[in-house]
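Hi,

Here is the structure I promised to pass on. Have a look at it first, and my notes on what turned up follow below.

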Amino acid sequence: MTQTLQGGAIGSALYRALWRWHFFAGLICAPIVILLCVTGALYLFKDEINDGLHRDLRLVAPQATERLAPSALVARALEAHPGTLKGYGAPAAPDRPAEVKIVGSDGLKDVVYVDPYSGRVLGSLWDGGFAGSPTMYVVRKLHSLQYAGWFAERIVEGVAGWMVLMTASGLYLWWPRDQRKGGVVTVRGGPGKRVFWRDLHAVTGLFVSVFIVFLAMTGLPWSGYWGKQFYSAAYAVGMGMPDGYWDKYPVSTVPLKDAIDRAPWIVENQPVPLSTAAAGVPAKLDDVVRTVEAMGMAPGYAIAIPGKPDGVFTASVYPDDVSRERVIHLDQYSGTVLFDMQLKDLGLFGRLAEWGVGIHMGQAFGLANQLVLLAALVAMVGLTVSGVVMWWKRRPAGSLGAPRLPAGRTVPKGLILIALAGGLFFPMVGLSMLAFAAIELAGYGTRALRTA
């Protein structure tokens, strides 16, 4: 009997402690979670949005005639927009233009859109990289808070980790411990009642929990600290980037992610190889295009033009079919293929990461992928808003209304184990836990002094 009571007391203490941490984490993370959901929802439909905003640039009328040679399209683009050629993007479909990247005298890189059938220059935009337009470039940067610098990026990384832990703690708090029928998978009452917001928060969290964990975990490989550690661990166990790809050729100090708009996560920090010679007559763009197309490169590929005498041509493509992702480096002078990497060449973690990224961005399974994730993101906004409303309705006037700490001075062992596991797996979460624990201890000390 005594043992049962003690077990119940420990369970109650753990419940209240997790409730308090869940409350504070949710309240603090709420603005960033909403930002991530809104910008993520927009980015899911970046191609559709870009087409709507720039239809006159991004779409052409398909013709029965053959397309002009890439060199001719580049010449037309440079004639209309003088500068230095930086890249060539082949038409992704019969109704898509060629995209020529040029750095002007002002130092800015623009994309010049050229009709591949007539050679007519359709216009230009500031180069938004893989986002496809300046507008979606801003959305992408807001999604990761890159505008605010490395510290804000670490905050986003911490929020992603907390989203996983809040999902786990939320399911623990939701778990039915009595015979009630309402509030488990159904919502009771109406919007005017507090129980409605409590049930809406709990039930929505239950159904969207898998998506929260998936989106957080597939976004973390891009993060500054966690991503680097995961990259190193994947390589160390032989499940990331295979050895031997650069053994035959000297390499530069330029990482792949700086050479192309988007690089596979597992190889983005690998150095770009160098050409076997540092002088000579560069290979013709038309020949490079013929080479990569003969190798089966998927439509919509882009070719980065060498910027230095010992640089290389780099062809890359990231189609909706993730299995056709590919990166090819070619010698600048001979056109010889130096490196050819496809998805199948990556280790297990590398392949999983690319599939995760493809689904995360809504490109792997077409419209169904986009709509399912959009519904999940809308639900996550509803989950966050319902949590804030629930708190606002239950808080006493003039008080924060946070769940109280468990009675007594003993910290539940379960909470310590959860904190250690979560803090070690998500280092940014661990740092925030230490900061929060310090605040809790300071508050406890202050209250003890007042009552002494």
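Which side chain does Asp340 meet in a salt bridge? The partner is Arg326, with N to O at 2.8 Å. Bear in mind throughout that this is a predicted model. The pair links distant parts of the chain, as Asp340 sits in strand E10 (residues 337-342) and Arg326 in strand E9 (residues 326-331), 14 residues apart. Asp340 counts as partly exposed because its relative accessibility is 23%, while Arg326, at 8%, counts as buried.

A few more on the charged side. Searching the whole structure gives 12 salt bridges. One of them joins Arg188 and Asp199, whose closest N and O atoms are 2.6 Å apart. Arg188 is in the loop between H6 and H7 and Asp199 is in helix H7, so this pair ties together parts that are 11 residues apart in sequence. As for cover, Arg188 has a relative accessible area of 31% and is partly exposed, whereas Asp199 is buried at 0%.

Then there is Asp51 with Arg58: their side chains meet in a salt bridge at 2.7 Å, N to O. Here Asp51 is buried, and Arg58 is buried as well. You will also find a network of salt bridges that links Lys101, Lys109, Asp127 and Asp261.

Sorted by class, the lining of the second largest pocket has 21 nonpolar residues, nine polar and seven charged.

Last, the surface. Val237, Met239, Leu348 and Leu352 make a nonpolar patch of about 330 Å². Met239 is in the loop between helix H8 (226-236) and strand E5 (251-255). With a relative accessibility of 30%, Met239 counts as partly exposed.

That's what I have so far.

Cheers

Methods. Residues numbered from 1 in each chain as written. Predicted model: local features only at pLDDT ≥ 70, side-chain atom pairs only at ≥ 80, totals over all residues. Heavy atoms only, no water. Patch = residues over 30% accessible without salt bridge, like charges linked within 9 Å, V, L, I, M, F, W, Y side chains within 5 Å. Areas by Shrake-Rupley, 256 points an atom, 1.4 Å probe, with all protein chains shown as cover. Salt bridge = Lys/Arg side-chain N within 4 Å of Asp/Glu carboxyl O. Helix = DSSP H or I, 4+ residues; strand = E, 2+ residues; numbered from the N terminus. Buried < 20%, exposed > 50% of the residue type's maximum accessible area, 1.4 Å probe, protein only. Nonpolar A, V, L, I, M, F, W, Y, C, P; charged D, E, K, R; others polar.
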